[in-house]
Amino acid sequence: MMEIDWNSVKEQLLYDAQNPLLFNNGFFVYFLSAFILFYYLFRKNYKHRAIVLSLFSLYFFYKASGSFVSIVILSAFFNYGISNWMYKVQKKGGKQFLLFLSVVFNLGLLFYFKYTNFFIEVWNNFSELKFNVLHILLPIGISFFTFENLSYTIDVYRGEIEPEKGIVNYILFLSFFPKLVMGPIVRAKDFIPQLKKDYFVSDTDFSKGFYLIITGLIKKLIISDYISVNLVNYVFDGPHLHNGLECLVALYGYAIVIYCDFSGYSDVAIGISKWMGITIPTNFLSPYQSKSVSEFWRRWHISLSSWLRDYLYISMGGNRKGKFRTNINLFLTMLIGGFWHGASWNFIIWGALHGTGLMINKMWTFLFGKVKLLPSGLSNFFYALITFHFVCFCWIFFKASNLDTALQFIHQIMYQFTFDGAYEYVENYKYVISMIGIGYAIHLIPDSISEKFIERQKHFPMVYYLVGMYVFIALYSVFKSAKPVMPIYLQF
Amino acid sequence: MNHSKKVILFILLVTSIQLILSVFSKEIGAYFPYFKNVNLISDITVKEKTKIGAIETKPHSKTTVLGGFVINELDAYQKKNTLIRFNADTLAPALPKISQKLMQLAEGKKVKIRIAWFGDSQIEGDFITQNVREQLQNYFGEQKGVGYVPISCVSSDFRRTAKVFTSGDFKVDNFKKQEHGSSLFLSGYSFYSPNLEVEFRDNVKKNSAQSTQKWLLYGKGDTIAVKINDSVKKFPANSEFNRVLVGSGTSSKAKFTIYAKHTPIYGVSSEPQSGIVLDNYSFRGITGVELKKINSSLLAELDKSGYYDLIVFQYGVNLLFQPNDTNYDYYYRGMRPVIKKFQNNMPNTEFLLFSCSDRAFNYDGQWKTAIGIDSLIQTQARLSYDTKIPFYNFYKSIGGNGTIVKWADSIVQLANKDYIHFNFRGAKAVSKTIFKALICDYQKAVAYKKSKLPVSQKTSVNEKETVKLKQDTQKIKIPKAPISKPKEINVTGAKTPVIKADSI
């Protein structure tokens, strides 16, 4: 007879650093059931519902990141207080000072947790006086909620929104569990008003939510994790042990891994939010179909690129100060965007490459934008191919653990490329290669087809959704690796 | 219409069904074993007590005592951190000849000791060997030099300890593709070129005042010509192994041009005039059986000139290519003639066989050490036992079961995620373990020397006496032995004897 181990039950309720709460934990099923029950019970009273949602969200964050939950609460109180204060202050100088305080606080927090050791190492490389590296753990999601806090106070400063009067709503804006640990980055002006509406889910919302959750989980848990564990991780760990062909396949594999990993998690977050009656804007739009680098950034991690555009690029002057400054602003925005991803030279290089790519893209459009040598279908195909390979090249720096590994990886592709052993390689890795193919095939499905499917699906009975869910569960059980594969963007 | 009720109904239905299915997980598991991966209650139910931490080492049921010495029987292969010479006294060094030369080196004599270290991709790019070499050279006189470097190989670009830049076309034969029919060098490569400019750089850090000799190594064929500093000289290629000095002095570089269209070029060797030379012979993806392609005459030629003192074979991970393989008899059949060939043609050289290191596979979603690893290591020990060459249990010495998984999954990684290869940190760590085992063996030889009897006499065996040990610890007084004083050993029935040896 099955016996419940109550000590294990207690342990399950507490934070476990080895197994932080994510959408793919078994515990999440209990969490979501309990949450939705309470959420539904308080559906008529938005204030109570917001309290329930806040408490569950903070608990989710505690289960994902332990005592760092206090940082979310602290930063919520600080930004809530300072934005209300800023709203009341009439003089521009006073507002500027408070905005300055807010920026220093938010970036200071991010800087301390994320960049202290990087700068200590840089200092140690150039100075006789050496400092010991500190033992600092990075709170999950800090990069995301720091940007949300900043956008909020900047919007209040610009007079675009009125500050939120209820602290619970503000805490909820920051800690809303579907997007807390990995985004998408949401804006208060889009998000908070939705909390005050009745709990309403349309038939399209239900259908779209289901579609996003299932496809998101397939992308993350089946496609991305399988390719990561069985090919990408170890080729990037030791590129010198693999010839150019193997490295190239691993690179194409990584391009689909990072897309499926991040967009999959975002889709699940957006899907769950849909089921809660809250709409979060889409974060990915088939980015590898882009025909230019600037289009890529309109399709990839949209919530970040639009944040960088609105709060960094425009704050630096955007395109208002001449062509030269526009290019410099573009470059700096991408450089800082790269550094946001992680405290290493590789991310800085990654950002700089994209910045350079955007500048070249702008110049190319200026010089040859109206020149048509090939039929548009063919030229679009070539532009998409070039853009895709440029993005893949940049991923090498994004994925490699250090600059040496990245350079070694490039070297293998350029100088150790051979088809010797290609047959055996394909034979040994046929499942992984097939999975990469499936990943790209899913990516290339036009949005119109999925939209049509979602429309049709909304008429299907409940049994269809149950069968769909269990097909996924069965598939997941086959592909699941025992050790959880942490989402890539969790580290940012 | 509001579908919020549908949301809650769906979530609660899925959770309830999954919970009910989880209660019957045992029954479902009989038909669909993967169900355990989505069992919702597996973490909160009382599990049956399972035997964990099964004893890795098989008990020694017997120990052989020979003329007063405890003798290494076959199951001594499980000992870690020590080089084992089977059927020999446990106090005797496994590598007596090289130890004698090392002692001369330690006494300050001008002796050159050369080691050939064969391996697969685990030692590619001079991984492990660069650290073993460094430690040995530091220990014995600090005379540095990288040793042998091929003209080119798949890991050339990655290797940090030496670089070879070439200009001019060359053709290559190797273990996998032998189109030109000439002999392959120990590295598994041979190069041919009518005109090849070579710039060689030894990157091993050394005292700037120390000089090194840079040799060009080549095989049998037509007379070759070498241009150094605009002066062209011809050199005969009558033997299977020839060498020409292409540089000497404190510079770490050498630049020369080779004209050898029909003569195999083997590579370059940079070495101190005396001290330790350790040559890395890595070849990706092999198991050691491929060494049969090396000509007997080359081996004999090398032995005749006393070129090598020790040859190390470090293979195994490429035999573990199927997760469920447990029978490696085919490897025994393939590798034994290779070792015999080396032994027969190189009677003056000592050999050392490493066991495989650790390799893991994904078994039902969990990375674990290959289930066939014990069987493979037993096969390798049997090879060593039957061919009478010393054995080193590399796997046990680095930590045994689960090591590579732990090293690949730790925050500061010591191994790659392929669960096969050590990264540079891991390679450095295992090199320390290897170095300690080598030095331990050397110190055994030093202790033997102090007893003023030749090693050969001490290790000779005339009679055998087998003693069945009781399970409890007991003390055996060893009869008068040809060492400085009688030794006392603790023998625990189920374990390898632990020796209390004051003079060691």
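Mentor: Happy to! Chain B puts 38 residues in contact with 46 residues of chain A, where contact means that C-beta atoms, placed from the backbone, lie within 7 Å. This is a predicted model, in which local features need pLDDT of at least 70 and side-chain atom pairs count only at pLDDT 80 or more, while totals for chains, interfaces and linings use all residues. Residues are numbered from 1 along each chain as its sequence is written, with chains lettered from A and ligands numbered from 1 in the order in which they are written.

On the side of chain B that touches chain A, helix α1 (residues 4-23) of chain B supplies the largest share, twelve residues; helices (H or I, at least four residues) and strands (E, at least two) are DSSP runs, numbered from the N terminus. By class, that side of chain B has 17 nonpolar, 15 polar and six charged residues (Ala, Val, Leu, Ile, Met, Phe, Trp, Tyr, Cys and Pro count as nonpolar, Asp, Glu, Lys and Arg as charged, and the others, Gly among them, as polar).

Now for packing inside chain B. Helix α3 (residues 96-106) of chain B meets helix α10 (residues 424-450) of chain B at an angle of about 80°, their axes 9 Å apart; axes are lines fitted to C-alpha atoms, for helices over the stretch in contact, and angles run from 0 to 180 degrees between N-to-C directions. α3(B) is therefore roughly perpendicular to α10(B), a label for angles of 65 to 115 degrees. The residues of this contact of α3(B) with α10(B) divide into six nonpolar, two polar and two charged, including B:L102 from α3(B) and B:V446 from α10(B).

Conventions: Contact = placed C-beta atoms within 7 Å. Parallel < 35°, antiparallel > 145°, perpendicular 65-115°, else oblique.
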